Amino acid sequence: MPDMISLEEARDLVLSRVSALPVETVSILDAVGRVAAADLKSDIDISPFAHSAMDGFAVRAADLAAASPESPVELDVVAEVAAGETYEGSLAPGQCVRIMTGAPLPADADAVVKYEVVGVVSGDGKPGSRVSFDQPAALRANVREAGEEAKAGEIVVQAGEVVGTAGVGFLAGCGILEMPTYRRPRVAVAAIGSELVEPSVVPTAGKIRNSNSYALAACVRAAGGVPTILPIVEDSHEALAQAVREAARDYDFVITSGGASNGDFDFIKPVVSELGELLMTTVNMRPGKAQTFGIVDGTPVFGLPGNPAAAYVGFEMIIRPALRKMQGYTHFERPRVVAKLSRDVKKNDPRRIFLRSTLYKNDEGDYVVAPAKNQSSGLFGVIQRSNCMAIMPEGLESRTAGSLIECVLLDVAEESSL
């Protein structure tokens, strides 16, 4: 049986046995948060023409070179251009054009002066009026240039780039309405345990509701996968073997919870060994020492512990990176920060311990981390109220309040930088 390995070894092992899934084409609305599988190019210059960045007056900057509060320069308003319209006439010295945000810059204009700083000498500021300027205008001021953001044929999103919400608008402006991306992994989630009943059932004596499957399915979805909750599997070798065999046939990744230790009714390790290749059974971490991983019919199968916190930590630290790799992502670790402990923490277990915790900033702007008082691995509520996990390194060294400790952020994407 495989020996206990470090968390880094466990993550590397699982990542080494998964790869990006086949490419599919999706609409750009369905591409949010997903990885581009090819370079995407604009079909036009963005913007296709020089246009005004604000409502104001399009001018010839040279006409205003001598303008000052003591000696303002007056110009005649000869036209008005709204967004979507054009001005085809020429702009002679001493003339200006009233222009709206997004409207094309007239051919002879080379700057825009915002409406609020322009004085009206006569009329209402529209064509036929005369307006005054009391300061020079910088050349190309308040002008968004043609091709400022992208040129026709230029790559606007690179292969491997994650498309955000603003990226969808960028792609639409470039004439790109579909994007090739890696298919989301289909993930089977199965809870093992004859004591389990569905959440819709009021449990009788000796029974508990199957909450793990729902939590893990939610984790899969948050990681970008497509989860399917399978029926509860009873505590028998035969039932589990059948469930794993069928799931490995139909899905890209299989996750079970429960039956991962060494009790009389813990069957995930022998089942994976019997059906395929057993690669991992224990990881030097708490909660979540019992982590079973193997390959069945070419499909990764991961057996998590039945305790909620142990299953959650195992998913976050090992399975989530694997599901991300299958979708083409290249960042696999959540951001980390160093924070001051809010209280003393004793350590009596040599494993690396992940404390469900709350991270905040104190009045001085320093990060402070407050580990939950109840660190029982059987609790979901503590995780719900946590935004990070404080890491107690291997060994038996306890920490006192104010000590610096590394924290994994649970609510910040892997691509983020802090």
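**Close-up views of a predicted model**

**View 1. Strand E23 and the largest pocket.** Strand E23, which covers residues 352-361, gives the most to the lining of the largest pocket, with 4 residues. Keep in mind as you look around that this is a predicted model. In total, 30 residues line the largest pocket. Those that lie nearest its centre are Arg286, Pro287, Arg356, Gln375 and Ser377. The space inside the largest pocket comes to about 530 Å³.

**View 2. The largest cavity and helix H6.** Now let us turn to cavities. Searching the whole structure turns up 2 cavities of 30 Å³ or more. The largest cavity holds about 60 Å³ of space. Which helix gives the most to the lining of the largest cavity? Helix H6, running through residues 308-326, does, with 3 residues. Around the largest cavity you can find Arg11, Glu316, Met317, Pro321, Phe332, Glu333, Arg334, Arg336 and Val408.

**View 3. Strands E17 and E21 side by side.** Here you can see a pair of strands from the sheet: E17 (residues 253-257) and E21 (residues 299-304) pair in the parallel sense. Their pairing runs over 4 bridges. To find your place, look for Val254, which stands opposite Val301 in E21.

View 4. How many disulfides does the count give? The count comes to 0 disulfides. Take Cys388 as an example: the nearest cysteine sulfur belongs to Cys407 and is 4.5 Å away. A disulfide needs sulfur atoms within 2.5 Å, so Cys388 is in no disulfide. Is Cys388 buried or exposed? With a relative accessible area of 0%, Cys388 is buried. Cys174 counts as buried too, at 1% relative accessibility, because buried means under 20% relative accessible area.

Terms used: Residues numbered from 1 in each chain as written. Predicted model: local features only at pLDDT ≥ 70, side-chain atom pairs only at ≥ 80, totals over all residues. Heavy atoms only, no water. Pairing = 2+ DSSP bridges. Helix = DSSP H or I, 4+ residues; strand = E, 2+ residues; numbered from the N terminus. Buried < 20%, exposed > 50% of the residue type's maximum accessible area, 1.4 Å probe, protein only. 1 Å grid on protein atoms, 1.4 Å probe; cavity = no way out; pocket = protein on both sides within 12 Å on 5 of 7 lines; lining within 4 Å. Points joined across faces, edges and corners; volume = space filled by probe spheres on them.
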